[in-house]
Amino acid sequence: MAVVGLALNHAILAGLYRRALAAAALAPTPPAPLLRPRTAVTLVVVAGSAVAYAAGADLAWAALAGFVLLMLLHRRDARLIWPHVDGGLLLFFVGLFIVVRGLGEWPGWFFERVPLSPDGDPDLAAARRPLPAGLQRGLQRAVHPGRAGSGGHPGRPPPRLGALAMASTFAGNLTLLGSVANIIVAESARDLGGIGFMAHLRVGLPVAVATTAVGVAWLWAVG
């Protein structure tokens with residue numbers, strides 16, 4: 001679906017901006033080698049950092065080690081790199097991670113006090129209020145889709161959960177504020193006139209709807 005979604009993105013962009021793209025034809029450039037030695041070294045180091053993280057290394061230290069290694073191999077002067085570090089963007093990510101961590105801990109706090117069943121720690125019985133029976137069954141089917149009557153295969157999430165995970169990603173294309181990647185690109189485009197909210201929505205709406213619709217159909221077909 002990632003490949004199909006990317007193809008849909010290109011098709012919609014080409015259709016909406018066909019006149020602008022035709023008017024902005026670039027002059028031909030001399031052919032360049034497909035893979036320069038410096039680029040190959042960079043790809044090897046990035047792949048090595050990913051392998052180190054997959055093998056259990058700390059993500060921050062693996063990324064930092066790869067960055068330092070690249071600086072040494074390319075013999076880059078750090079004074080030329082630091083001015084390109086966007087402090088405002090880093091602060092934005094810090095705030096985003098704090099908010100996401102807080103929201104991620106809220107469901108645990110909620111279900112400690114409102115369990116899916118009346119069973120639980122007797123010390124918290126007074127503070128807990130079981131959910132209505134119908135809502136309990138619905139949540140239990142969502143949490144344990146492999147159980148009888150849930151409509152899913154044992155050990156495999158039903159298509160509706162896969163559709164939810166996929167749609168939550170594709171929905172980031174809908175508005176300018178829907179994805180951090182959108183904001184990064186908009187920040188980089190300020191010197192070229194920027195990207196307005198409605199201008200992005202004009203493209204983001206058909207992209208989000210088309211990719212989500214095709215994705216849901218695909219998941220239900222193969223699920």
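At what angle do helix 5 and helix 8 pack, and how far apart are their axes? Select helix 5 (residues 87-113) and helix 8 together: they pack at an angle of about 165°, with axes 12 Å apart. For these numbers, axes are lines fitted to C-alpha atoms, for helices over the stretch in contact, and angles run from 0 to 180 degrees between N-to-C directions. Helices here are DSSP runs of H or I with at least four residues, strands are runs of E with at least two, and both are numbered from the N terminus.

Before going on, a word on the source: this is a predicted model, where local features need pLDDT of at least 70, side-chain atom pairs count only at pLDDT 80 or more, and totals for chains, interfaces and linings use all residues. Residues are numbered from 1 along each chain as its sequence is written, and side-chain values use heavy atoms, with hydrogens and water left out.

**Stop 1: helix 5 against helix 8**

Keep that pair on screen. Helix 5 and helix 8 are roughly antiparallel to each other; angles under 35 degrees count as roughly parallel, over 145 as roughly antiparallel, 65 to 115 as roughly perpendicular and the rest as oblique. Helix 5 passes helix 8 in a right-handed crossing. A crossing is right-handed if the near helix is turned clockwise from the far one by less than a right angle, and left-handed if anticlockwise.

Now show side chains for Leu89, Phe92, Phe93 and Leu96 on helix 5, and for Val180, Ile183 and Ile184 on helix 8: these make the contact, meaning heavy atoms within 4.5 Å. The tally for this contact is seven nonpolar, no polar and no charged residues. In that count Ala, Val, Leu, Ile, Met, Phe, Trp, Tyr, Cys and Pro are nonpolar, Asp, Glu, Lys and Arg are charged, and the others, Gly among them, are polar.

**Stop 2: zoom out**

Colour by secondary structure. Of the 223 residues, 16% count as buried (under 20% relative accessible area; exposed is over 50%, partly exposed in between, with a 1.4 Å probe and protein chains only). Among contacts with a separation of 6 or more, 51% come from residues 24 or more positions apart.

**Stop 3: helix 3 and helix 4**

Next, select residues 37-54 (helix 3) and 59-74 (helix 4), which pack at about 160° with their axes 9 Å apart. These two are therefore roughly antiparallel as well, and helix 3 passes helix 4 in a right-handed crossing.

For the contact, pick Arg38, Val41, Thr42, Val45, Ser49 and Tyr53 in helix 3, then Leu59, Ala62, Gly66, Leu69, Leu70, Leu73 and His74 in helix 4. That set divides into eight nonpolar, four polar and one charged.

Centre on Ser49 in helix 3. At 17% relative accessibility, Ser49 counts as buried. Leaving aside neighbours within four places in sequence, Ser49 touches Ala62 and Gly66.

Which residues of helix 4 are buried? Highlight Ala62, Gly66, Leu70, Met71 and His74. Helix 3 is part of what covers the buried residues of helix 4. Look along that list with the helical repeat in mind: an α-helix has 3.6 residues a turn, so residues three or four places apart point the same way.

**Stop 4: helix 1 meets helix 9**

Jump to helix 1 (residues 2-16) and helix 9 (residues 197-222). Their axes come within 10 Å and cross at roughly 145°, and the crossing of helix 1 past helix 9 is right-handed. Show Val4, Gly5, Leu8, Asn9, Ile12, Leu13 and Leu16 from helix 1, facing Arg202, Val203, Pro206, Val207, Ala210, Thr211 and Val214 from helix 9. This contact divides into 10 nonpolar, three polar and one charged.

Click on Asn9. Beyond its neighbours within four places in sequence, Asn9 is in contact with Val207 and Thr211. Asn9 and Val207 are 198 residues apart along the chain, with 6.0 Å between their C-alpha atoms.

**Stop 5**

Ala171 sits in the loop between helix 7 (159-170) and helix 8 (180-188) and is partly exposed, at 38%.

Finish on Phe197 in helix 9. Phe197 is partly exposed too, with a relative accessible area of 40%. Its contacts, apart from neighbours within four places in sequence, are Thr175 and Leu176. The C-alpha atoms of Phe197 and Thr175 are 7.0 Å apart, across 22 residues of chain.
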